[in-house]
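Q: I have the sequence and the model open side by side. Could we go through the side-chain contacts and then some of the backbone?

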Amino acid sequence: MKYSARLLIALLLAATLPIAALAFLIRQEMTERLTADYVRAAESAITQTEALLHDQHRQIRTSLAALSAAIPDDNRFRRSAVDDRRDERTYLLDYAGLAMRLTGLAMLQIQDESGRIISSGHFRNEYDRIDTALPGLLRTEGLALARVRSPEGPFIVLVAADTVKMGGRRFSVAGGMRIDQIIPETLLTRKELTVDLVTDPANPSSGGNVESAATRISENATASVIEEPDSATGEIVRELRVPLIDTQQGTVTSAAFRIKHDVSGLAELQTEVDRLFLIVATITAILAALIALWLAARMSRPIAELADKASSIDLDRLNVAFKTDRRDEIGELSRVLRRMMERLRTSSATIRDAERRATLGEIARQVNHDIKNGLAPIRNVFRHLSEISTDDPDQLPSVFRDREQTLTSGMNYLEDLASNYARLSPVVARDRTDVNTVIRQTVDDFVGGGAKSLVAVASGAAFVYADPLSLRRILENLIANALDAVKANGARKPSVVVRSEHAASEDHGDVIRITITDNGPGLSAEEISKVFQDFYTTKSRGTGLGLSIVRRLVMDMEGSVRVESDPGNGARFIVDLPQMKGV
């Protein structure tokens with residue numbers, strides 16, 4: 001990843017992450033505070049509703065108490081209710097309706113001790129119906145609702161009851177106010193608040209035992225506030241539960257005043273905060289990107305210049321200048337590169353001197369090696385002549401004439417070497433060369449020098465495009481190594497065979513293949529992998545240059561050389577030289 005890209009990513013993260021964290025915290029704090037405010041508003045509304053219900057319930061009980069106190073003083077009501085006089089029945093039927101209007105109640109009924117309704121103000125046809133549920137309310141002072149019938153249909157009232165004793169009999173008076181007239185809209189101070197009365201007739205507290213249902217109402221008449229979150233709408237909900245008596249079914253169920261606080265305003269506010277955050281984050285990201293690009297261009301330009309200068313450095317061009325007046329990190333880097341260039345110039349001079357010394361040393365070793373190879377046959381001839389002069393002096397002229405050609409050939413070889421090395425970079429004269437002729441001459445010189453184990457198997461014509469002197473150097477090195485190998489092996493019948501033949505090579509096509517085979521100790525796999533490397537030798541006094549010279553000379557002739565060996569059974573060096581076309 002480029003430096004500019006990393007800088008851009010870093011600035012974007014540094015700019016947007018704090019904004020994102022701040023927006024999240026603000027959104028979280030706003031949500032918590034508004035939710036708490038909504039909860040307080042809902043709880044306040046439910047508390048006001050409960051207080052209003054209790055206040056209305058007390059008024060109902062006060063009205064019923066006043067009515068209960070007036071009923072015994074009404075002689076007509078006493079005669080019709082206690083004495084059961086039929087001529088006063090109309091008065092009895094109308095009594096609850098008149099009393100209901102005087103007290104301002106929406107529901108009023110009077111029952112005897114058996115639960116039979118003797119007067120009903122809200123529905124006259126209730127006369128003589130048995131209702132045992134409402135009298136049970138006499139045992140509690142808590143809130144309770146009742147579903148009652150009317151000519152227009154059933155309605156729900158906040159109900160209370162009282163007791164009247166006349167003539168040794170007990171009568172109950174139950175009255176109430178319509179619930180929709182008790183809860184005014186002004187109760188809700190916020191437009192987000194709504195209040196509903198929810199009934200649950202499907203889960204009665206008692207199936208058919210009205211008395212036990214009334215007992216439960218008495219035990220649980222105190223209203224309670226509970227929280228019931230609406231998961232579908234997300235609204236904040238508070239409820240005030242009270243018992244509900246269904247006078248028609250004779251059952252007791254539960255009803256609840258449910259106050260909901262709409263939270264859509266919170267969702268809209270959250271959306272607005274998110275939108276503002278996205279706008280701010282986008283603007284910040286754009287500014288951060290522009291700043292990052294500007295900084296990257298300002299910082300990468302000098303770095304690119306330094307990189308361009310550094311890329312132009314090589315051993316032949318060490319004059320690159322890293323001058324700077326900057327005091328920042330770029331300036332420090334420039335000064336480091338300048339010191340590096342100074343060290344590199346010093347090291348380069350040292351390396352060049354070492355290379356010159358190594359080159360001269362290698363040339364000296366090659367000269368030494370080639371001269372030793374050239375002197376070997378001459379030394380052998382002189383040793384042979386010395387032996388003849390001692391053992392049979394009369395044969396000395398004849399032997400000298402026989403060996404004169406070997407001496408002349410060796411001297412010519414040394415003179416050619418001297419000429420080539422005098423130029424240091426010899427120009428190899430490649431010409432039409434008969435491989436077999438060079439093989440026979442080289443082998444004869446070694447045999448004349450006492451190498452009796454050497455045999456040449458070369459016949460016919462085998463022409464290559466090469467330098468005869470280089471070809472002889474190749475043969476001399478390989479034959480000398482083979483002779484040393486069979487001497488070191490101590491074999492009873494040492495053998496070195498030099499063979500030439502026509503062959504086909506995958507790399508060079510038709511070739512003249514020269515094979516030097518010996519029955520020496522052979523080479524290991526590790527030795528074969530290193531045998532052509534410079535300065536690698538297995539001889540105690542070897543230079544390690546002979547086979548590396550062979551490899552370079554063969555490559556100059558566009559040929560190849562390889563070695564095959566079976567440890568303990570000798571080695572075989574194979575030289576392939578491209579055959580001259582048309583021969």
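Q: Let's start with Arg129: which residue does Arg129 form a salt bridge with?
A: Arg129 forms a salt bridge with Glu126, and the closest N and O atoms of the two are 2.7 Å apart. Bear in mind that this is a predicted model.

Q: Is Glu126 buried or exposed? And what about Arg129?
A: Glu126 counts as buried, because its relative accessibility is 1% and the cut-off for buried is under 20%. Arg129 is partly exposed, with a relative accessible area of 21%.

Q: How many salt bridges does the structure hold?
A: The structure holds 24 salt bridges. One of them is made by the side chains of Asp128 and Arg116, with 2.4 Å from N to O.

Q: Where do Asp128 and Arg116 lie?
A: Asp128 lies in the loop between strand E2 (117–120) and strand E3 (145–148), while Arg116 lies in the loop between strand E1 (107–111) and E2, so the pair ties together parts that are 12 residues apart in sequence. Asp128 is partly exposed at 36% relative accessible area, and Arg116 counts as partly exposed as well, at 24%.

Q: What is the backbone of Asp128 like, say its phi?
A: Asp128 has a positive phi of about 75°, although it is not a glycine. As background, most residues other than glycine have a negative phi.

Q: Changing topic, where does a charged end sit over an aromatic ring?
A: The charged end of Arg432 sits over the ring of Phe463, 3.7 Å from its centre. Arg178 likewise lies over the face of Phe155, at 4.5 Å from the ring centre.

Q: How many aromatic pairs does the structure hold?
A: The structure holds three aromatic pairs. In one of them, the rings of Phe77 and Tyr95 have their centres 4.6 Å apart and their planes at 45°, so the pair is tilted.

Q: Where in the chain are Phe77 and Tyr95?
A: Phe77 is in helix H2 (residues 75–81) and Tyr95 is in helix H3 (residues 89–103), so to speak two distant parts of the chain, 18 residues apart, that the pair links. Phe77 and Tyr95 are both buried, and together with Tyr91 they form one aromatic cluster.

Q: Now strands: why is E14 described as largely enclosed?
A: Strand E14 (residues 509–518) has seven of its 10 residues buried, so it is largely enclosed by the rest of the structure.

Q: Which strands pair with E14, and in what sense?
A: Strand E13 (residues 496–505) is joined to E14 by 10 bridges, and the two run antiparallel. E13 and E14 form a hairpin with three residues between them, and within that pairing Ala503 has Val511 in E14 as its bridge partner. E14 also pairs in the antiparallel sense with strand E16 (residues 571–578), over eight bridges, where Arg513 stands opposite Asp576 in E16.

Q: Last one: what makes the nonpolar surface patch?
A: The patch, of about 640 Å², is made by Leu276, Ile279, Ile283, Ile286, Leu287, Leu290 and Ile291. Leu276 is found in helix H6 (residues 264–311), and it counts as partly exposed at 43% relative accessibility.

Notes: Residues are numbered from 1 along each chain as its sequence is written. This is a predicted model: local features need pLDDT of at least 70, side-chain atom pairs count only at pLDDT 80 or more; totals for chains, interfaces and linings use all residues. Side-chain values use heavy atoms; hydrogens and water are left out. Rings of Phe, Tyr and Trp (its six-membered ring) pair if their centres lie within 6.5 Å; planes under 30 degrees apart count as stacked, over 60 as edge-to-face and the rest as tilted. Helices (H or I, at least four residues) and strands (E, at least two) are DSSP runs, numbered from the N terminus. Buried means under 20% relative accessible area, exposed over 50%, partly exposed in between (1.4 Å probe, protein chains only). A charge sits over a ring if NZ of Lys or CZ of Arg is within 6 Å of the ring centre and within 35 degrees of the ring normal. Patches are made of residues with over 30% relative accessible area and no salt bridge: like charges are joined within 9 Å, nonpolar side chains (Val, Leu, Ile, Met, Phe, Trp, Tyr) within 5 Å. Accessible areas come from the Shrake-Rupley method with a 1.4 Å probe; for residues, only the protein chains shown count as cover. A salt bridge is a side-chain nitrogen of Lys or Arg within 4 Å of a carboxyl oxygen of Asp or Glu. Two strands pair if DSSP finds at least two bridges between them.
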